[in-house]
Amino acid sequence: MSSLEKLAEIPQSDLPGHIAVIMDGNGRWAQAQGKPRAFGHKAGVESVRNAVRFCRQHNVQALTVFAFSSENWKRPEQEVSLLMELFMLVLSKEVKNLHKNNVKLQIIGDISAFSERLQKQIIKAQELTKDNTGLVFNVAANYGGRWDISQAAAKLAEQVKAGELNPEQITEEKLHQMTCLSELPDLDLLIRTGGEHRISNFLLWQVAYAELFFAEEYWPDFDEECFARASLCFANRNRRYGLTGEQIEQQKK
Ligand code: IPE
Ligand code: IPE
Ligand code: MG
């Protein structure tokens with residue numbers, strides 16, 4: 001029985017509502033075939049389409065993918081420009097389709113570092129899909145978890161400066177409200193493809209109680225069967241949030 005078939009038998013309430021993915025391994029996938037890294041990034045786009053389809057078909061509320069980290073600027077200039085071009089192209093080509101499928105697209109990260117053209121494209125895409133009620137699809141671009149937390153702190157500092165907030169009123173909840181994705185359900189499942197076991201400065205705040213799933217497959221090979229495997233694994237985890245197993249059993253009754 002395939003993981004996809006098994007997944008069909010799991011109740012919706014046991015499945016992740018918010019999935020995030022560190023889409024790693026494009027470069028190695030291409031290099032393993034003697035091709036340039038760019039070839040892997042292009043193949044990675046197809047995997048993103050599959051991921052969106054999987055989430056729509058399985059009623060996932062939110063999908064958040066890591067497309068470009070704040071550290072990825074340090075890559076060779078040629079690779080950075082290719083990734084930017086690809087981002088432009090995908091935005092202009094795919095947005096209509098996302099819109100047709102009722103997907104709400106949001107970009108998270110410091111977009112001020114991108115070209116005017118790309119920034120305009122991002123704003124236009126978000127504007128077009130903002131009232132859609134289906135899957136919320138977040139693309140993290142020039143995103144860093146530490147950036148996210150520090151920009152949240154800066155927003156609270158502004159409120160303190162304006163006399164709207166006392167430092168004693170700063171709580172986890174207040175800071176949370178200023179971080180990216182705070183309007184969405186908490187992250188349930190974080191998947192990293194490509195065999196590395198690290199977070200690479202992705203959603204540091206949001207990952208607090210997410211379940212982690214590390215896959216050996218490079219991102220271009222991560223298909224819907226792999227997504228089903230990760231979701232099944234999630235369904236079998238025991239999330240205790242600091243409580244004892246007995247307390248959790250009690251709550252279920
Ligand atoms: C992930 O694949 C995509 C981006 C970081 C943009 P990589 O480009 O990191 O691929 P590997 O890890 O070098 O194989
Ligand atoms: C993380 O992958 C960033 C993205 C997937 C966009 P990296 O390839 O940049 O991470 P490291 O350098 O292996 O930690
Ligand atoms: Mg990598």
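The lining of the largest cavity holds 6 nonpolar residues, 2 polar and no charged; here Ala, Val, Leu, Ile, Met, Phe, Trp, Tyr, Cys and Pro count as nonpolar, Asp, Glu, Lys and Arg as charged, and the others, Gly among them, as polar. The model is predicted, with local features requiring pLDDT of at least 70 and side-chain atom pairs pLDDT 80 or more, while totals for chains, interfaces and linings use all residues. Residues are numbered from 1 along each chain as its sequence is written, and side-chain values use heavy atoms, with hydrogens and water left out.

The cavity is lined by Leu7, Leu15, Pro16, Ile19, Phe54, His58, Val60 and Ser231. Its volume is about 40 Å³, and a search of the whole structure finds 1 cavity of 30 Å³ or more. On a 1 Å grid over the protein atoms alone, a cavity is a set of points where a 1.4 Å probe fits but cannot get out; a pocket is an open set with protein on both sides within 12 Å along at least five of seven lines, and lining residues have an atom within 4 Å of a point. Grid points are joined across faces, edges and corners, and a volume is the space filled by probe spheres set on the points.

The largest pocket contains about 1,000 Å³ of space. Its lining comprises 47 residues, with Met23, Asn26, Val48, Phe66 and Ala67 nearest the centre. By class, the lining has 25 nonpolar, 10 polar and 12 charged residues. The contributor of the most lining residues is α4, with 10; helices (H or I, at least four residues) and strands (E, at least two) are DSSP runs numbered from the N terminus.

The second largest pocket has about 290 Å³ of space. Among its 14 lining residues, Ser13, Asp14, Phe234, Arg237 and Arg239 are closest to the centre. Both α8 (224-235) and α9 (245-252) supply at least two residues of this lining.

The sheet is open and parallel, its 6 strands ordered β3-β4-β2-β1-β5-β6; two strands pair if DSSP finds at least two bridges between them. Because β3 and β6 (211-214) are at the edges with a single partner strand each, one side of each has no neighbour in the sheet. Neighbouring strands are turned by 20° against each other on average, direction ignored. Axes are lines fitted to C-alpha atoms, for helices over the stretch in contact, and angles run from 0 to 180 degrees between N-to-C directions.

Parallel strands β3 and β4 are joined by 5 bridges, and Lys104 stands opposite Val136 in β4. Helix α4 packs on the sheet, touching β2, β3 and β4, and its direction makes about 160° with that of β3; contact means heavy atoms within 4.5 Å.

Terms used:
Chains are lettered from A and ligands numbered from 1 in the order in which they are written.
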